[in-house]
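Student: Please walk me through one part of this model up close. I'd like to follow the pairing, the packing and the side-chain contacts around it.

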Amino acid sequence: MSSADLGELRELVASACRVLAVEGLVEGVLGHVSARVGEREMLIRCRGADEHGLAFTTADDVRLVDLDGKGREVAGGWSVPNELPIHGELLRARPEVGAVVHAHPPAVLLCGIAGLELRPVFGAYNIPAARMALDGVPVYPRSVLIRRKELAAEMLRAMGGREVCVLRGHGITVAGATVQQAVVRALNLNALASVTLELARLGGVAPEIPAEDVAELPDLGGALNDESVWRYHLARARAKLRDVSMGHLNG
């Protein structure tokens, strides 16, 4: 990968962190995004001495390390995430994965704690999220920091070949071919959990989506499902963070 391409990917990972923060999937300094670089390395959001949280991630916070978290770019006061094995072991085990998101969406957290299954409670409202639910959302049942390879292996067994996994009492792990795809999948998982949680609060039980309705759900393609949605959220994050920096965010 050329230095220009590497720089572009760094900024993409940094942008992903800001988007997740603005959309409420991460808070403060907790959560991280990684992107594959070749077979043995990744760019990952790290913490430095001047840590300001995910909402204010810069490309300089995104460091090149190997899949075990080692490399010269984390010398001099930088530290990789405690849960680096989430990223390193997933990328090692699944060559088709190009990016990993680990986040802590409150709606997913509450669904997991309450034992609310992420069922296909809607259809065309959010087709990618509906298909995610139809495929089944796996759950890793342990509320632990996944800071060892053995724990990451447990998570991977629970996740199977799926793109998402709920970490009960903890957060989520999401994989994608690209950073954009991984982030949008995390947003879709959060949308599914948010509706599920609100239904439970209202005391409602959603019926199963009829098979004939499922058959009518089209695949709108990555250009819309991933790229367009990503560009929207990126623009939204830029606007909100600009308002924050100007001191007049209205909520």
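**A close look at β1 and beyond**

Tutor: Let's start with pairing: strand β1 and strand β4 (residues 99-103) run antiparallel to each other over 4 bridges. Before going on, note that this is a predicted model, where local features need pLDDT of at least 70, side-chain atom pairs count only at pLDDT 80 or more, and totals for chains, interfaces and linings use all residues. Residues are numbered from 1 along each chain as its sequence is written, and side-chain values use heavy atoms, with hydrogens and water left out.

Strands (E, at least two residues) and helices (H or I, at least four) are DSSP runs numbered from the N terminus, and two strands pair if DSSP finds at least two bridges between them. The β1-β2 hairpin has 3 residues between its strands, and glycine 38 takes a positive phi near 70 degrees in it.

How covered is β1 (residues 32-37)? Mostly: 6 of its 6 residues are buried, that is, under 20% relative accessible area, with exposed meaning over 50% and partly exposed in between (1.4 Å probe, protein chains only). His32, Ser34 and Arg36 point one way, Val33, Ala35 and Val37 the other, and all are buried.

Now for some surroundings. Histidine 170, in the loop between β6 (164-167) and β7 (171-176), is buried too, at 12% relative accessible area. Its side chain makes polar contacts (N or O atoms within 3.5 Å; within protein, one able to donate a hydrogen and the other to accept it, with sequence neighbours counting only if both atoms are side-chain atoms). One, of 3.2 Å, is with the side chain of histidine 102, and another, of 3.3 Å, with that of glutamate 83. Beyond four places away in sequence, the residues histidine 170 touches (heavy atoms within 4.5 Å) include His104, Leu109 and Val144.

Then there's helix α3 (residues 106-114), whose buried residues are Ala107, Val108, Cys111 and Gly112. They lie on the same side of α3, because they cover an arc of only 130 degrees around the axis, taken from the directions from the helix axis to the C-beta atoms. Exposed Ile113 and Ala114 are on the face turned away from that buried side. The cover over the buried residues includes β6, β7 and α6 (179-202).
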